[in-house]
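Visitor: Could you walk me through some of the terms used for this model, please?
Guide: Gladly; let us take a look together.

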Amino acid sequence: MSLVIVGSIAFDTIETPVERVERVLGGSATYSSMVASFFSPVELVGVVGEDFTARYRAVLESKGIGLEGLETIKGGKTFFWEGRYGENPNDRETLILELNVFEQFRPVLPDKARKAGWVFLGNIDPEIQIDLLDQIDGDARVGCDTMDFWIESKPEKLRELLKRVDIVFINDSEARLLSGEINLVKAGKKILLMGPSATVIKKGEHGAMLISEENIFLTPAYPIDEVKDPTGAGDSFAGGFMGYLASRGELDEKSLKKAMMIATVCASFTCEKFSVAALEDLSSEEIERRLQSLQAMVSL
């Protein structure tokens, strides 16, 4: 089944203790689409400026990603983010944030996207996420991401959205903020009561936790020799998760657990190089080999 992914497409300037790269391809929808494309057909919906030239579109097209829903604003500039990481990759500081064309982003789904069986809503305004769901024909399976800014600034709209999604992706601090619970198991279960049938809590270098109506399932982060750039790891995780489920066409417990393992592996590749460089070079065979390696690490 096809998967529609809606979110940001950006240029990033990234600084780590050992290296700095400027105006490289980034954005939540970029990472999640490139990873999901290994598992299912993807239609990307987003907005860019005129500075998003053919060579950047070619990166997405090389993965077979449908770009009918990618709007280019004449005379506009693409969303830009600059950030700095400390020795601990979890320590990130935003230095510059320029929304540019993303500030007025009000997506209209093309006809093909309206008929998609699966939808992933990246971290954007919950009012826009709800509007996108209103444009879907039929009963699509829906995953969404969110963040502390929306939890605090638009709690009612976020609650309205959560009643209409199947899976919510959220990090540990956001799960505590949304639920009001310190314990993550309690937090995940409380979020289920808001509507989703599965809560995926991302914990960075400590892995991820899936809490569904029937089970709790944990995955560690896949160990790699060096984290060069953690930008987009969470988006890659969500892309792998949703892409695999769309390929299966199922939302059962077995598929959810397999999706957690695949998502973990995909996120690890993203961290090994800056921007989307690792995803450009990645193959399905490499994903499968690392998946088998992860399974061997966590099995008795």
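Visitor: What makes the crossing of helix 4 with helix 6 left-handed or right-handed?
Guide: Helix 4 passes helix 6 in a left-handed crossing. A crossing is left-handed if the near helix is turned anticlockwise from the far one by less than a right angle, and right-handed if clockwise. Before we go on, please note that this is a predicted model, where local features need pLDDT of at least 70, side-chain atom pairs count only at pLDDT 80 or more, and totals for chains, interfaces and linings use all residues. Residues are numbered from 1 along each chain as its sequence is written, and side-chain values use heavy atoms, with hydrogens and water left out.

Visitor: Why is helix 4 called roughly parallel to helix 6?
Guide: The axes of helix 4 (residues 126–134) and helix 6 (residues 155–162) cross at roughly 30° and come within 9 Å. That angle makes helix 4 roughly parallel to helix 6. Angles under 35 degrees count as roughly parallel, over 145 as roughly antiparallel, 65 to 115 as roughly perpendicular and the rest as oblique.

Visitor: Which residues of helix 4 and helix 6 meet?
Guide: From helix 4 come P126, E127, Q129, I130 and L133, and they meet K157, L158, E160 and L161 of helix 6. Contact here means heavy atoms within 4.5 Å. By class, this contact has 5 nonpolar, 1 polar and 3 charged residues. Ala, Val, Leu, Ile, Met, Phe, Trp, Tyr, Cys and Pro count as nonpolar, Asp, Glu, Lys and Arg as charged, and the others, Gly among them, as polar.

Visitor: Why are helix 9 and helix 10 called oblique to each other?
Guide: The axes of helix 9 (residues 233–248) and helix 10 (residues 253–271) cross at roughly 140° and come within 7 Å. Helix 9 and helix 10 are therefore oblique to each other. Their crossing is right-handed. In the contact of helix 9 with helix 10 there are 13 nonpolar, 5 polar and 2 charged residues.

Visitor: What makes helix 7 oblique to helix 8?
Guide: Helix 7 (residues 172–179) and helix 8 (residues 184–192) pack at an angle of about 60°, and their axes are 9 Å apart. That angle makes helix 7 oblique to helix 8. The contact is made by residues including D172 and R176 of helix 7 and K190 of helix 8.

Visitor: How many cavities of 30 Å³ or more does the structure hold?
Guide: The structure holds 1 cavity of 30 Å³ or more. On a 1 Å grid over the protein atoms alone, a cavity is a set of points where a 1.4 Å probe fits but cannot get out, while a pocket is an open set with protein on both sides within 12 Å along at least five of seven lines. About 30 Å³ of space lies in the largest cavity.

Visitor: Which residues line the largest cavity, and how do they divide by class?
Guide: V4, V6, L109, V119, L121, L132, L133 and I136 line the largest cavity. Strand 1 (3–6), strand 8 (118–121) and helix 4 are the elements that give two or more residues to this lining. By class, the lining has 8 nonpolar, no polar and no charged residues.

Visitor: What is the volume of the second largest pocket?
Guide: The second largest pocket has a volume of about 180 Å³. Among the residues lining the second largest pocket are Y85, E87, E226 and K228. The lining divides into 6 nonpolar, 2 polar and 3 charged residues.

Technical notes
Axes are lines fitted to C-alpha atoms, for helices over the stretch in contact, and angles run from 0 to 180 degrees between N-to-C directions. Helices (H or I, at least four residues) and strands (E, at least two) are DSSP runs, numbered from the N terminus. On a 1 Å grid over the protein atoms alone, a cavity is a set of points where a 1.4 Å probe fits but cannot get out, and a pocket is an open set with protein on both sides within 12 Å along at least five of seven lines; lining residues have an atom within 4 Å of a point. Grid points are joined across faces, edges and corners, and a volume is the space filled by probe spheres set on the points.
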